[in-house]
Amino acid sequence: MPKFYARRRLGFLAAFTGLIASAGLLNGPAASAALPTPVSAATARGYLASLTVATEDRTGYDRDLFPHWITQSGSCNTRETILKRDGTDVVTNSSCAATSGSWYSPYDGATWPASGDVDIDHLVPLAEAWDSGADSWTTSRRQSFANDLTRPQLLAVTDNVNQSKSDQDPATWMPSRSAYRCTYVRAWVQVKYYYDLAVDSAEKSALQGYLANC
């Protein structure tokens with residue numbers, strides 16, 4: 001093939017790949033989420049067996065009762081801290097806002113080139129926590145839960161995937177990537193155990209089923 005046509009072909013392929021990347025459709029993890037490693041499946045099964053089983057009650061829930069995206073360091077709040085942790089080649093401005101980078105969403109396998117395309121998911125949703133016992137917490141404890149960088153509770157994921165999850169538990173929603181489901185349920189149980197939150201019967205049954213296959 002003449003060099004001229006070879007260069008044109010390579011240029012076309014590069015442009016095509018760029019279009020795919022900008023649409024968030026690359027399958028390979030150009031960036032990898034850095035969720036703190038959850039407990040083992042065996043430990044999660046033990047934790048789950050000890051959790052209280054109770055009917056959920058959302059009476060009085062308000063998202064504002066969980067102060068979130070608090071300042072973590074300097075000018076960086078919790079959202080910005082997770083974006084820096086979970087992204088690759090993240091560049092921030094003087095206000096700690098991410099101006100460039102890439103983010104791989106382990107829920108669906110998409111990679112995104114703009115921070116506006118990802119949400120920070122509370123793996124155990126705030127409403128779910130309220131239903132499960134956080135209604136009796138102090139505001140300080142709810143704030144700690146909503147901004148927990150130590151437990152596997154916060155993760156950068158595709159925004160519309162996070163929105164479709166909403167406040168659902170594993171009985172009704174799981175990541176579409178089956179390869180991530182074991183990590184997801186191990187993290188879910190660890191967070192619930194650490195914060196002494198209850199599970200409902202359908203949730204416990206679903207978690208038992210997923211953990212049995214981990």
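Residues are numbered from 1 along each chain as its sequence is written, and side-chain values use heavy atoms, with hydrogens and water left out. Because the model is predicted, local features need pLDDT of at least 70 and side-chain atom pairs count only at pLDDT 80 or more, while totals for chains, interfaces and linings use all residues.

Biologist: How many of the residues of helix 7 are buried?

Modeller: Buried means under 20% relative accessible area, exposed means over 50%, and partly exposed lies in between, with a 1.4 Å probe and protein chains only. Among the buried residues of helix 7 are Tyr184, Trp188 and Lys192, and what covers the buried residues includes helix 2 (41-50), helix 5 (139-146) and helix 8 (201-212). Helix 7 is mostly covered, and the count of buried residues is 10 of 14.

Biologist: Which helices do the buried residues of helix 2 pack against?

Modeller: In helix 2, Ala41, Ala44 and Leu48 are buried. Seen down the helix axis, the buried residues fall within an arc of 55°, taken from the directions from the axis to the C-beta atoms, so they line one face of helix 2. On the other side, Ala42 and Ala49 are exposed. Counting contact as heavy atoms within 4.5 Å, the buried residues of helix 2 pack against helix 7 and helix 8.

Biologist: Is the pair of Phe66 and Trp130 stacked, tilted or edge-to-face, and what decides which?

Modeller: The structure holds 14 aromatic pairs, where rings of Phe, Tyr and Trp (its six-membered ring) pair if their centres lie within 6.5 Å, and planes under 30 degrees apart count as stacked, over 60 as edge-to-face and the rest as tilted. The pair links Phe66, in the loop between helix 2 and strand 1 (71-73), with Trp130 in helix 4, 64 residues apart. Their ring centres are 6.4 Å apart and their planes are at 65°, so the pair is edge-to-face.

Biologist: Which kind of pair do Trp137 and Tyr195 form?

Modeller: Both Trp137 and Tyr195 are buried, and Trp137 lies in the loop between helix 4 and helix 5, whereas Tyr195 lies in the loop between helix 7 and helix 8. Their ring centres are 5.6 Å apart and their planes are at 35°, so the pair is tilted.

Biologist: Which residue lies over the face of Tyr194?

Modeller: A charge sits over a ring if NZ of Lys or CZ of Arg is within 6 Å of the ring centre and within 35 degrees of the ring normal. Over the face of Tyr194, at 3.8 Å from the ring centre, lies Arg151.

Key. Helix = DSSP H or I, 4+ residues; strand = E, 2+ residues; numbered from the N terminus.
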